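Dear colleague,

I am passing on the model that we spoke about, and below it you will find notes on what came out of the analysis. Please read them alongside the coordinates.

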Amino acid sequence: MTDQTKYDVAIVGYGPVGVTAANLLGQMGLSVVVIERDPDIYARARAISTDEEVLRIWQQVGLADRLNADMQPGCGASFVDAKGEPFVKLLPAPRGNGHPPQQFIYQPALEKVLRAGVERFPNVSVLLEHECLRVVQKPDHAELMLADLTVDEFRRVRASYVIAADGGSSAIRAQLGVGFGGRTFAERWIVIDTKVIEEWPGHDRLRFHCNPERPTVDCPTPLGHHRWEFPVRDEEDERDLLNEVAIWKVLRGQGISERNVEILGFACYSHHVRFADRWRVGRVFLAGDAAHAMPPWIGQGMCAGVRDVGNLCWKLGAVLQNHLPESVLDSYQAERLPHVREVTDRAVKTGKIIIQRNRFRAAARNHIFRTASKVPYFLDWLRDHRWLPDARYTDGLVANSGNGAEGGLIPQPWVIDEKNDTVRLDDVVGGRWTVLYTGSPSDLWGWRSGGVPTLRVVPAGTTPAPDSIVDTDGSLIRWLEKKRAVAVAVRPDGFVYAGASADQPLPPPPAGFRP
């Protein structure tokens, strides 16, 4: 048994969620240890897409542009009938976050970039081929018992806090006795990963083949890959489908031959709708699949986990650096759970459109959507009510003074800073508390006295000056006007803590806030 120095945070699991947390915490200068059972990145792709808000989180650690280089912009999702004819198409709509609204990813390549990002931080230790056997909570720290899988040794690691990002079968969640309620769908799905040899018409399009006989997801992935998914029928045995002969039979039904792709792998899995009863137990926090599971229909499983640690890590940093009281950590689940539930609900509803097995109902579905698509704004309504919802916090670390900007994620336009450089807003704000204002600054003394920078937002054409930013396209000023806010206090994660209209002062910093 070997003892290790106490760390600020221990992260169990080094998938996309754990590695994002390691980058965020490492950049803050915290001492971090990562525990991962596997020796290397998992070779098979699982997540297939991401969105602009998640890229904005990776932008915080300086990796968004590098990650974007390996991604493929999405062109929407087409729902097609048994003949391959589309009956509805949903196009992604930008949300003003400074990145493409939909991006397809190849997960092993994404994780490679994120892990390389962690190597920038000497304050982050990564223990591969180590398994966390037990977590014991003490009054001032958590103690993790680890097994070194390369040698016959055990070691003990101590940390002020623990992030359990160890997946849907989380051993830590089980050790803590946290329930994982919900349901697992009976239908099993086969996923096929391939390497593209020769492209075919539509190879770069996401299509949901809504064929009652064999619903199939046909999804592009970048860097020369492609994926298909299809369900196992009631009369089929999944073991009979997990071989190349059966896989090729399905692919040929999609018009794909050995000339087009090379099969890299295939597997069978179930869809889940589950939520952990508690996301915080003392000093341990569940994140990603350890906290929730959802079907893949709108590509938000991994994204939800990245959003989790984007919400949690800055709060852990603020507590560990004595900027906020520990009670702020209770806002993690209160803020994240409602959005995760809504995203999961939309994923389930989208799945019902895709996997309708009754051919008469499927025919009615096709007719209704084709007819409704001709109605002005129907497709916009469908996208807004069946695809990714905006995150908005009504409970948690928000002032709740009634201003329309509070709890929302502030847009990220390109702005001109005092050096006359054109940059994204977050690159000016720098992941810190910031007050942005267009009105009089006379009521900002409570924030300024706390050491919070204040920046005046001025319209395009204004000469750059210290303590101001030029809103190059006016989108930030329009957003503030729409929310009836002349001043907003923005948290390090980009969400608005407090807002004020022209006739009211900006609410003060949260209780216990220390500069």
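Strand E12 (residues 153-164) and strand E19 (residues 284-286) pair in the parallel sense through three bridges, where strands are DSSP runs of type E with at least two residues, helices are runs of type H or I with at least four residues, and both are numbered from the N terminus; two strands count as paired if DSSP finds at least two bridges between them. Within this pairing, Ile163 stands opposite Phe285 in E19. This is a predicted model, in which local features need pLDDT of at least 70 and side-chain atom pairs count only at pLDDT 80 or more, while totals for chains, interfaces and linings use all residues. Residues are numbered from 1 along each chain as its sequence is written, and side-chain values use heavy atoms, with hydrogens and water left out.

Strand E11 (residues 142-148), by contrast, runs antiparallel to E12 and is joined to it by seven bridges; the two form a hairpin with four residues between them, and Met145 stands opposite Arg156 in E12.

There is also an open sheet of eight strands with mixed pairing, in the order E7-E6-E14-E15-E16-E13-E17-E20. Its edge strands, each of which pairs on one side only, are E7 (86-90) and E20 (292-293). Inside that order, strand E13 (residues 180-196) is antiparallel to strand E16 (residues 225-231), over seven bridges, and examples of facing residues are Asp193 with its bridge partner Arg227 in E16 and Lys195, which stands opposite His225 in E16. E13 is likewise antiparallel to strand E17 (residues 261-276), to which 14 bridges join it, and the bridge partner of Arg183 is Val273 in E17.

Turning to the helices, H1 (residues 16-27) has twelve residues that should span 16 Å at 1.5 Å a residue, and its end C-alpha atoms lie 17 Å apart, which agrees; the expected span is 1.5 Å times one less than the number of residues. Eleven of the twelve residues of H1 are buried, among them Val17, Val19, Leu24 and Leu25, where buried means under 20% relative accessible area, exposed over 50% and partly exposed in between, with a 1.4 Å probe and protein chains only. Just after H1, Gly29 takes a positive phi of about 85°.

Helix H9 (residues 331-354) packs against helix H11 (residues 378-386) at an angle of about 125°, with the axes 9 Å apart. Axes are lines fitted to C-alpha atoms, for helices over the stretch in contact, and angles run from 0 to 180 degrees between N-to-C directions. H9 and H11 are therefore oblique to each other, since angles under 35 degrees count as roughly parallel, over 145 as roughly antiparallel, 65 to 115 as roughly perpendicular and the rest as oblique. In this packing, Arg346, Lys349 and Thr350 of H9 meet Arg383, Asp384, His385 and Arg386 of H11, contact being heavy atoms within 4.5 Å.

Finally, Met71 sits in the loop between helix H3 (64-69) and strand E5 (72-73) and is buried, with a relative accessible area of 10%. Apart from neighbours within four places in sequence, Met71 is in contact with residues including Trp58, Phe104, Ile105 and Pro222.

With best regards
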